[in-house]
Structures are given as C-alpha cells and as structure tokens.
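This report goes through one predicted protein model, from its overall form to single residues. The structure is shown first.

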Amino acid sequence: MIKVFAHRGASGTYPENTQSAITAAIDLAVDGIEIDVQSCLDDYMIIHDSWLDRTTSGHGKVNASSKIYIQQLDAGNGEIVPSLQQAIDWVNDRTLLNLELKHTFSLDKFVELIEANITAGKLSRNNLLISSFDHHQLLWLKQKLPWVKIGALTASIPINYSEFAEKLHAYSIHIDKNFINHEFVADAKQRGLQVYAYTVDKPEDIELMLAYSVDGVFTNFPCHTQMILRSL
Ligand code: G3P
Ligand code: CA
C-alpha cells in the first residue's frame with residue numbers, strides 16, 4: 001500500500017506546521033508527518049519559510065529572531081510556531097516524523113537534541129526520517145548519525161540522482177511529482193531506495209503516482225488522499 005505522509009501536517013485543513021495540523025494527521029493514522037525545520041537565534045523552529053511574514057503575524061528573518069519573539073506570533077487560528085522539541089513531544093513517536101531541514105545551522109545541537117529524545121524514548125530511530133535539499137547537510141548528518149534514515153530531496157532529476165542517493169546511503173528519494181517517470185522509479189527501486197512524491201493532492205495525481213508505483217506521497221489533505229486510495 002502506498003504510504004500517506006501529511007505535508008506540513010494536515011496543512012490543507014489546518015495552519016501549516018502547527019500543533020493542530022500535526023495532531024490532526026496523527027488522528028488520521030497517517031504513515032508519517034513531514035514538517036520543516038529552520039534555525040532561529042537560539043533554537044530550532046517548525047516553519048517552512050526563512051521569513052516569518054507569510055505564515056505568521058510577524059516580520060523578519062527566522063534566523064535573526066529569538067524563540068521568545070517567534071512564539072509570541074500568531075501562526076494561524078491563534079496557534080504558535082512550534083519549536084522542534086514541541087513537535088517531537090506532540091508526535092511522541094506515534095508515527096514517522098520526517099524533518100525537512102531548511103536553513104539550519106549548528107547541526108551539532110540538532111544531533112544532540114535528536115539523541116536526547118531517542119534516549120528519553122520520545123522518538124525511535126525507525127520513526128525518524130531527515131530530508132533536505134541541502135545534500136551537504138545530509139552527508140554530514142549521515143556521518144554523525146550513521147543509523148539515521150536520510151531522504152534525498154530534489155525538485156528535479158539531476159543526472160545520476162539515484163546513484164548519488166545510493167552513495168549517500170539514503171533511505172528514500174523525495175521528488176517533485178512533476179518530474180517522476182517510470183525509468184526514474186525503476187532505477188531508484190533497483191538501488192533499494194524508497195520513492196516518495198510531493199505534493200500530491202488531486203485525485204488524478206494520486207492515480208498517476210500509483211501508476212508510477214511510488215512508495216509514498218506527501219499530501220496537504222491526508223484524509224482526502226486516504227479516502228481516494230481506499231476507493232481505488
Ligand atoms: O519534503 C517535501 C516538500 O515539502 C519539499 O518542498 O517547499 O514544500 O518544503 P517544500
Ligand atoms: Ca517541506
């Protein structure tokens with residue numbers, strides 16, 4: 001069965017990357033939740049953009065703002081921008097957590113946070129998948145945490161991408177649905193890589209991804225996507 005990942009949580013129905021989007025996705029028993037991680041001045045926050053302006057009541061760059069400032073802002077419907085720790089607490093190892101690293105710095109502290117949560121039993125190795133468009137970060141992380149599942153993220157198909165992902169010891173390739181083709185999926189699978197497509201909301205796109213035999217889809221509407229998949 002194709003896996004359903006809630007993209008930025010159930011972000012088609014709730015404000016993206018917020019507690020309600022995360023908990024709604026858990027209630028749907030999704031196969032995983034994808035959220036975006038940015039560094040602020042003193043912590044890691046769950047927010048897609050490097051600027052606060054689109055998704056919050058605030059302004060300015062996330063990496064130039066403090067956590068205390070960011071958490072005073074409205075991220076939609078009166079919700080806060082979660083810290084990474086809050087998001088981990090809310091998920092509490094109930095489903096796979098895909099952390100997409102956006103503009104993140106001090107990854108040493110990120111590694112410490114992940115290891116502390118694993119030790120505390122709030123996160124298990126199997127339920128963590130770290131992805132990024134920044135493949136240098138992924139390489140570095142894989143060296144620091146050899147056990148970690150890596151998702152090689154791409155918005156296109158660079159030449160020899162599956163070969164690269166295999167060398168990276170990636171678990172999965174996360175690819176824009178518009179770039180998928182049969183050859184790409186077959187090559188990735190032959191290398192033992194999972195293929196996950198984003199962002200797949202429309203019924204015709206879900207059917208297309210099934211035809212391509214991808215292993216999972218990121219969707220803003222996990223409830224709707226699950227219903228469509230069950231009806232096919
Ligand atoms: O992780 C898949 C997808 O979320 C990557 O693009 O811009 O939605 O973070 P974006
Ligand atoms: Ca993302």
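## Overall form

A compact globule of 232 residues would have a radius of gyration near 17 Å, and the chain agrees with this because its own value is 17 Å. That radius is taken over C-alpha atoms, and the globule rule is 2.2 Å times the number of residues to the power 0.38. The model is predicted, so local features need pLDDT of at least 70 and side-chain atom pairs count only at pLDDT 80 or more, while totals for chains, interfaces and linings use all residues. Residues are numbered from 1 along each chain as its sequence is written, and chains are lettered from A and ligands numbered from 1 in the order in which they are written.

The C-alpha trace spans about 50 × 40 × 35 Å along its principal axes. The chain holds nine helices and nine strands; these are DSSP runs numbered from the N terminus, with helices being H or I of at least four residues and strands being E of at least two.

Of the 232 residues, 41% count as buried. A residue is buried if 20 or more other C-beta atoms lie within 10 Å of its own, exposed if 12 or fewer, and partly exposed in between, with C-beta atoms placed from the backbone. Contacts are pairs of residues whose C-beta atoms, placed from the backbone, lie within 7 Å. Among the contacts with a separation of 6 or more, 54% are between residues 24 or more positions apart.

## Core and ligand shell

In soluble globular proteins, nonpolar side chains tend to be buried together. The largest nonpolar core here has 59 residues, and those with the most contacts inside it are I33, V195, A197 and V217. Such a core is a set of buried Ala, Val, Leu, Ile, Met, Phe, Trp, Tyr and Cys residues joined through C-beta atoms within 7 Å. Beyond its neighbours within four places in sequence, A197 is in contact with I175, K177, I180, M209, V214 and V217.

Which residues are around ligand 1? They are H7, E34, D36, H48, E100, S131, L153, H174, Y198 and F218, where a residue is near a molecule if its C-beta atom, placed from the backbone, lies within 6 Å of it. This shell divides into three nonpolar, four polar and three charged residues. In that count Ala, Val, Leu, Ile, Met, Phe, Trp, Tyr, Cys and Pro are nonpolar, Asp, Glu, Lys and Arg are charged, and the others, Gly among them, are polar.

## Backbone details

Most residues other than glycine have a negative phi, and most peptide bonds are trans. Y198, from the shell of ligand 1, is joined to T199 by a cis peptide bond with omega about -20°. T199 is in the loop between β8 (194–198) and α8 (203–211).

A29 is not a glycine, yet its phi is positive, about 55°. It is in the loop between α1 (19–27) and β2 (32–39), and A29 counts as exposed because it has 11 C-beta neighbours inside 10 Å. S106, also not a glycine, has a positive phi of about 50°. S106 is in the loop between β4 (96–101) and α4, and it is exposed because 11 other C-beta atoms lie within 10 Å.

Helix α4 (residues 107–119) has 13 residues and should span 18 Å at 1.5 Å a residue; its end C-alpha atoms are 18 Å apart, which agrees. The expected span is 1.5 Å times one less than the number of residues. After α4 comes G121, with a positive phi near 80°.

| Pair | Apart in sequence | Apart in space |
|---|---|---|
| Q226 and E16 | 210 residues | 19 Å |
| L168 and H48 | 120 residues | 25 Å |

T18 is in the loop between β1 (3–7) and α1. It counts as buried because it has 28 C-beta neighbours inside 10 Å. Not counting residues up to four places away in sequence, T18 touches G9, A75, G76, E79 and P82.

L168 is in the loop between α6 (161–167) and β7 (172–176). It is partly exposed, with 16 other C-beta atoms within 10 Å. Q226 is in helix α9 (residues 222–231), and Q226 is in contact with V4 and L28, leaving aside its neighbours within four places in sequence.

Key
Two residues are in contact if their C-beta atoms, placed from the backbone, lie within 7 Å.
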